[in-house]
Amino acid sequence: MSRASPEETRARLERVVSDSISCARGLKKALADERRALEDRDTDALGRIVERKDARLKELFALEKTRAGVCVDAGFGADPDAMLRVVEWCDHDATIQTDWGRFRQLAEELGSLNLTNGAIIRLRRKQVSDALALLRGDDGVTDTYGPDGASGIAGGGRALIEA
């Protein structure tokens, strides 16, 4: 099996982990900007931010593929624990291990920020849905069904637009 040297592997991992941290920081900024745009209901800014966020995500996925390739080239495979084994093999001063931990922490923060933004989107969507239901005269129970399978929409309401 041809195997990259520890020094070569270390240099490649340092670079990819550093680039991943930088990219994750950019994504964190985009997610923070996205939250502000969602809260301000700024659809113009939101469109630009989503493009920036998507570009960062694509970059992160490419970096992850590169990182996995470094592990494979070093002979450690691509399974979830490969990075730990590679770091143990080539990172004698724990520099990569420290940076990898920093990246993983950033990844957790990104997940939390993304969940928050998703919750804001769901809330806005529900508010719009509720407002439309009110205008149509629905009783607001359009998303549920009764025991008989009926939608639960009462036919006797009067729409605000008719009032």
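Tutor: Let us begin with burial. In this predicted model, buried residues make up 29% of the 163 residues in the chain. The chain exposes about 10600 Å², and carbon and sulfur atoms supply 54% of that area.

Student: Which secondary-structure elements does the chain contain, and in what order do they run?

Tutor: The chain has four helices and zero strands; from the N terminus on, the order is α-α-α-α. Of the contacts with a separation of 6 or more, 64% join residues 24 or more positions apart.

Student: How is the packing of two helices described?

Tutor: Two packed helices are described by the angle between their axes and by the distance between those axes. Here, helix H3 (residues 82–90) and helix H4 (residues 95–136) have axes that come within 9 Å and cross at roughly 150°. Angles over 145 degrees count as roughly antiparallel, and H3 and H4 are therefore roughly antiparallel to each other.

Student: Which residues of H3 and H4 meet?

Tutor: Met-83, Val-87 and Cys-90 in H3 meet Ile-96, Gln-97 and Trp-100 in H4. The residues of this contact comprise five nonpolar, one polar and no charged.

Student: What tends to happen to nonpolar side chains in soluble globular proteins?

Tutor: In such proteins, nonpolar side chains tend to be buried together. In this chain, the largest nonpolar core has 24 residues, and those with the most contacts inside it are Leu-13, Val-17, Met-83 and Ile-96. Helix H1 (6–40), helix H2 (43–73), H3 and H4 each give two or more residues to this core. H1 gives the most, with eight residues.

Student: Which residues are in contact with Ile-96, leaving aside its neighbours within four places in sequence?

Tutor: With those neighbours set aside, the contacts of Ile-96 are Arg-10, Leu-13, Glu-14, Val-17, Met-83, Val-87, Cys-90 and Asp-91. There is also a second, separate core of six residues, among them Ala-37, Leu-38, Ile-49 and Ile-120.

How values were computed:
Residues numbered from 1 in each chain as written. Predicted model: local features only at pLDDT ≥ 70, side-chain atom pairs only at ≥ 80, totals over all residues. Heavy atoms only, no water. Buried < 20%, exposed > 50% of the residue type's maximum accessible area, 1.4 Å probe, protein only. Contact = heavy atoms within 4.5 Å. Areas by Shrake-Rupley, 256 points an atom, 1.4 Å probe, with all protein chains shown as cover. Axes fitted to C-alpha atoms, helices over the stretch in contact; angles between N-to-C directions. Parallel < 35°, antiparallel > 145°, perpendicular 65-115°, else oblique. Nonpolar A, V, L, I, M, F, W, Y, C, P; charged D, E, K, R; others polar. Core = buried A, V, L, I, M, F, W, Y, C linked by side-chain atoms within 4.5 Å.
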